[in-house]
Each structure stands twice: as structure tokens, then as C-alpha cells.
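Follow along in the sequence and the 3D view.

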Amino acid sequence: MVEIRVEKYLEVGGAKKQFSFASSLEKNDILGITGPSGCGKTSLLKLIAGLIDPDFAYISNGAEILTSTKEGIDCPIDKRSVAMVFQDQALFPNMTIEEHIRFVNRGFEKTELERLLLRLGLDKQRNTYPDKLSGGQKQRLAILLALVSDPQLLLLDEPFTALDDETRDDVLSLLKECVELKRLPVILVSHQTAILQQFCTKLIKLPAL
Amino acid sequence: MDWSPFLLSFKLALLCALVLLLIGIPLAYVLSFVHWRGKRVVQALIALPMVLPPTVLGFYFILVFSPQSSVGTFLNSYFDLQLVFSFSGLLLGSIIYSLPFMVQPIQNAFEQLPNDMLQFARVLGKPKWAIFKKIILPNSIKGIATGLVLSFAHTLGEFGLVLMIGGNIPDETRVASIAIYESVELMQMEQANQYALILLLISFVVLVFIYSLGNNSKRVVRW
């Protein structure tokens, strides 16, 4: 079971306000997080991924403790097996789609990769650089890379903003499939509450800071 | 025409640019990505040659490395090395003098890389060294090329520092800019003109190269 308890003073409009969050996820849970702008949704994901130092935190992926401020444990970002997809698809401009995948996981199973590429509609763009991809294609590639990195916890920050309805449903069903197949817990941040309600097994609305 | 001042200038500029590349990349990395105390002081020290007259740098260089100084005596007796009025001294002086021209473009390139991009690579499980090699360096190639060309051109054109620490020794420290100065002093205007014209052309080509790296023409917006 993934366990998350974090506290952090966040700067909101020039003032420091305390942000706290506590929740847990089972192996095939999809936890939806929503809330008003600036309530700390993205910061929460970054705290879990280890990209922001917490004031207090206990984060465990079930198998091992990733962060425990009390015990002085802070697992390095690249060793946490926590993949995060950013809101603005932070891809690598010097790499084609195929090079992205090889960079992230050189040994990823080829037939599985072909299936994923086909499934995400990226099979014809495998030699294309990010600047030639549409917003939706970039978002799908970012999600594909996160899946290819073989994480034990997947964090998605507003993953549907650049997707049309059809692609969004496709990505959602792929995510659902991965959750069931790999028993991969997912934390999904979005302001689209209706989608979260339909897709997530658990939904938390964060209060304004 | 005597080409030896140009050959010496090119040798000096090339060696200086290559050494600076080796020093500049790690230095720019440390300045861009690592938080440490005293960083601003080091940054100011690196940038000093941009605002100081070269004669100030030359003066301190002589003060520190002259055979009468303790450092000069030490280098001379233990390494048989004399830095004042020698090519090695010229190289060391040029490295210090052109350091900001290498470090700053690379540092700017590093700092312009989106944080999200580097963090995304980290959360995908990649170690910092792999990210540096496969993402940071390839995406900063324009900054690195600019640093390389600028430090080469800057060394090629330096005069005050060379005159102070190198003097005018043929095949040792008599670089192109010194040769122009000497030709004018000897009223050999035609030779000075030839040297000057070549330096002017090289500098112009270098600048055209740097500006084409920026690819500014594509950024023009209709309005």
C-alpha cells in the first residue's frame, strides 16, 4: 500500500501557508486530486516525486520508505520508481520519439512498445522530434515515457488539457488497463472533476490555501 | 608577408579555446545547477576580465609570476617554467582573460533549459550524469559553440595583455595584434594594413557565425 503524509509551507501570494496532505492507495487505486488554482496540487505531486523538500513527510510505496523526515530517509529522485508527467509535456528537443523511449528504457520489450505506440497513435511519428508533434501527441508521448520507465507509482499533472475528447478517452482506457495489468497505483491531478469522478477509485478535493 | 605572427595567434587562440572548453563546461555546470556559498563571488571573479583593462590583469600577472616573485621562483626552480615573456605565460594569461567569454554563453544555455525537462528526466529514473550527457549538453550546443568561437576570437584579438606579459619575441610571443602595432611603429603601413585586414575579416566571419547560430531571422514576426 502506498502511504503519503506530507506537510510543507508553500508560498501563496507572498505569504507562507501550511499545506498538509495525508492519504493512502492500494495497488490498483487511481486517486484523483482536484481543487482550486494554487491549492498545492502540483506541489503535492512534486513532494511525492522528491522534487520539493518537505517540512515533514512520510512517503512509502509499500515495499520501501521513499521519504521519512523523522528517520532522515530521502530516496534519490531517480531511484524512487515514481514517474511524473508534467502539465506542459517536458520532452527532450534533441530526441525523436524512438530515441526518447530508448533513453528512458533501453531494454523495454519491443512488442509491448509497438503495441503502446500503436495504441497511442504515435507509431507513424517514431522518428519525429517533439517540436513537430501536436500538443496531444506530446502529452501521449510523455505518458508513454512514464509507463516505459516501469514505475511503481504514476503521478499525472493535468494530463488531459492538451487532449481532445476522443484521445483523452483513449489515454484514460490505456491508463486503466495499465493499472489493472501492472497493479500500478496512479495519482491524477485535474480540475476536470467530472472526469475524475468517472475514472478514479478515490477522489480528494484540496481546500484553497 | 611574414605569416608567423598569425600562426602563433592561431596556435594561442586554438589552445586557449580548447583548454577553456574543458574548464568552462564543468564551471558553467557548477554555477548553473549547484547551490553553494560564495557562488556570486566566484561569478564576479570570472567576469572581472570583461570590465578590467587588460593592463590591470597583465600587471598582476607580472607581479605574481615574475622570476623575482615567490610563485615565479617556485615555478622556475621546481618545474623549470617561466611564465613571463613566454608562450606558456601567454596561454595562461589568455585563459584567464577569455574565461568569461567561454563560461557565460554556456551558463546562459544551461540556465535556459526548462526545469521541468530536467526534472522529467529525473523522475523517469535517469541519473544526473546520463541527463547531463544526453539532454543538457546536446540542448546547449549553441551556447557551447558560441563560447568556443567567442573565446577563440577574443584571444585572437587581444593586445594589451599580450604586450604586458609576453612582450614582442618573434615565434614566442609576437602574435598578430603585436605585429600590427610594431609595423605601425616602424611606419610599415602596408604590412600593418595586411595584418589588420586579415584580423578584421576573421573577426567578421566569426561574428557572422555566432549570429547565424542564434537563427534570428526565423524569429521575425509579422505585425
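The contact between the two chains takes 16 residues from chain B and 23 residues from chain A, where contact means heavy atoms within 4.5 Å. The model is predicted: local features need pLDDT of at least 70 and side-chain atom pairs pLDDT 80 or more, while totals for chains, interfaces and linings use all residues. Residues are numbered from 1 along each chain as its sequence is written, chains are lettered from A and ligands numbered from 1 in the order in which they are written, and side-chain values use heavy atoms, leaving out hydrogens and water.

**The interface**

The size of an interface is often given as the accessible area lost when the parts come together. Here about 1,800 Å² is buried between chain B and chain A, with 65% of it from carbon and sulfur atoms; buried area is the accessible area (1.4 Å probe) that two parts lose on being put together, summed over both. On the chain B side, B:Phe120, B:Val123 and B:Leu124 lose the most area to chain A, together 37% of what that side buries.

Two salt bridges link chain B and chain A; a salt bridge needs a side-chain nitrogen of Lys or Arg within 4 Å of a carboxyl oxygen of Asp or Glu. B:Arg122 forms a salt bridge with A:Asp78, and their closest N and O atoms are 3.2 Å apart. On the side of chain B that touches chain A, H6 and H7 of chain B are the elements that give two or more residues. H6(B) gives the most, with seven residues.

**The second largest pocket**

The second largest pocket holds about 650 Å³ of space. A pocket is an open set of points on a 1 Å grid over the protein atoms alone, where a 1.4 Å probe fits, with protein on both sides within 12 Å along at least five of seven lines; lining residues have an atom within 4 Å of a point. The volume is the space filled by probe spheres set on the points, which are joined across faces, edges and corners.

Its lining has 18 residues, and B:Phe33, B:Asn115, B:Leu118, B:Gln119 and B:Lys128 lie nearest the centre. The helices below each supply at least two lining residues.

| Helix of chain B | Residues |
|---|---|
| H1 | 4–33 |
| H5 | 87–112 |
| H6 | 115–123 |
| H7 | 128–136 |

H6(B) gives the most to this lining, with four residues.

**Chain B as a whole**

Chain B has eleven helices and zero strands; helices (H or I, at least four residues) and strands (E, at least two) are DSSP runs, numbered from the N terminus.
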